[in-house]
Amino acid sequence: MSDPYLIHGPALISFSGGRTSAYMLWRILQAHGGTLPDDVHVCFANTGKEREETLRFVHECGTRWGIRVRWLEWRSRLKSVPVAERFEEVGFNSAARNGEPFAARIKSKKSTPNSVARWCTENLKVLTLQAFMEANGHTKYANVVGLRADESHRVAKGRERGSVMPLADAGITKRDVMAYWQAQDFDLGLLPFEGNCDACFLKARPKLWEVERTKPGTLQWWSDMEQGHGKGRFVTEYSYAELIRDVRRQPDMFAGGLFDDDPDMDAECGLWCAGGAS
Ligand code: SF4
C-alpha cells in the first residue's frame, strides 16, 4: 500500500490552523523528507475572526517546520474581477484581526450567514483557496484535507468530492492527534470549542456565553454585524446582543456543556465542505 502522506502535485493542502490539519501537515512533511514539492501549496484562509492563538500557531508551524504557508484573505467573488485579485496574500503581521474580510463579505451580501446558509465557509475559505490555486495556474489539483478516520460522515462526503484525506486513509483518530500534540513543546493553546472563528454561530449558546465571559467584548463584532450591514441574525433563536446581555447580567454563571461535542464545531472549519478541483 502506498504511503497516504505522499502527495503528488499539483496539490492544495488546506491548513485551518487547528491541531488536526497541523498534524497532517507534519506527517506529509515527514513523508517528503522535510521538503514539500514546489507544486504542493499549503494555504491558510484567514477570515479576520480567528483567535490570535490560531494565527500564532499557524505562524509557528510554518517557521519551526520550514514550510511556506500562504496566508490568504477573501477580497471578491465577482467573476468580472481577475482571479488573482479575488484574494490577497498576507502574512502573520499583516493578517486581518478585526474581521475585515468577513465584514466586507457581509456588507456586499447584505446579510449575515447562518447555519443553513453557511456561505462564510464557502466564500472566505473554499473559494479563496480555489482562487489562489487558479491564480497559480492550477485548475486541476489534489485537494488535501485534514479529515480523520473518526469523522466518518465528513470523510464519506470528502470521498464523493474526490478529496485526498491522508489521515482518514491512515486510520488516524482524534486521540492520535491529541497524543502527538501533548508530546510537543508547542501547541495551539485553545480548547476545542475556542477554535475556528472566535464566536462562530455554530458554537452552542453556552459556549458563546463562555467566550464572552472569558474574553469580554468578543461578541460585540458579531452583534455589530447583525445590527449593521447584515440582515437577520446569525442564529434565529437569539441575537448576539442578547448573549452579551446574558453575560452582563450573570457574569459568574457556569456555562455547562462546554466539552460536549458539537457535530460541526469539532471539525476544523473549511475542511468538511472543501471542494476544489481534484
Ligand atoms: S468558523 Fe463559523 S463563522 Fe467562521 S467561517 Fe467557519 S462557519 Fe463561518
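The model is predicted: local features need pLDDT of at least 70, side-chain atom pairs count only at pLDDT 80 or more, and totals for chains, interfaces and linings use all residues. Residues are numbered from 1 along each chain as its sequence is written, and side-chain values use heavy atoms, with hydrogens and water left out.

The shell around the ligand is made of Phe102, Arg118, Cys120, Thr121, Asn196, Cys197, Cys200, Phe201, Leu202, Trp222 and Cys269. A residue is near a molecule if one of its heavy atoms lies within 4 Å of it. By class, eight residues of this shell are nonpolar, two are polar and one is charged. Here Ala, Val, Leu, Ile, Met, Phe, Trp, Tyr, Cys and Pro count as nonpolar, Asp, Glu, Lys and Arg as charged, and the others, Gly among them, as polar. Domain 1 (11-182) and domain 2 (195-249) each give at least three residues to the shell. These domain bounds come from an automatic or database domain assignment.

Two shell residues deserve a separate look. Asn196 is in the loop between α7 and α8 (205-214). Helices (H or I, at least four residues) and strands (E, at least two) are DSSP runs, numbered from the N terminus. Asn196 has a positive phi of about 60°, although it is not a glycine. Asn196 counts as buried because its relative accessibility is 12%. Buried means under 20% relative accessible area, exposed over 50%, and partly exposed in between (1.4 Å probe, protein chains only). Cys269 is in the segment after α10 (240-249). Cys269 is also buried, at 14% relative accessible area. Cys269 and Gly9 are 260 residues apart along the chain, and their C-alpha atoms are separated by 24 Å.

The largest nonpolar core has 36 residues, of which Trp65, Trp71 and Trp181 touch the most other members. Such a core is a set of buried Ala, Val, Leu, Ile, Met, Phe, Trp, Tyr and Cys residues joined through side-chain atoms within 4.5 Å. At least two residues of this core come from each of β1 (11-14), α1 (19-31), β2 (40-45), α2 (52-65), β3 (69-74), β5 (142-144) and α7 (174-182). Helix α1 gives the most, with six residues. In soluble globular proteins, nonpolar side chains tend to be buried together.

Phe44 is in strand β2. Phe44 is buried because its relative accessible area is 0%. Phe44 and Ser21 are 23 residues apart in sequence and 10 Å apart in space, C-alpha to C-alpha. Gly146 lies in the loop between β5 and α5 (152-161). With 3% relative accessibility, Gly146 counts as buried. Between Gly146 and Phe15, 131 residues apart along the chain, the C-alpha separation is 7.9 Å.

Two backbone details remain. The peptide bond from Gly9 to Pro10 is cis, with omega near -5°. Pro10 lies in the segment before β1. Lys110 is in the loop between α3 (100-109) and α4 (119-135). Phi of Lys110 is near 60°, a positive value in a residue other than glycine.
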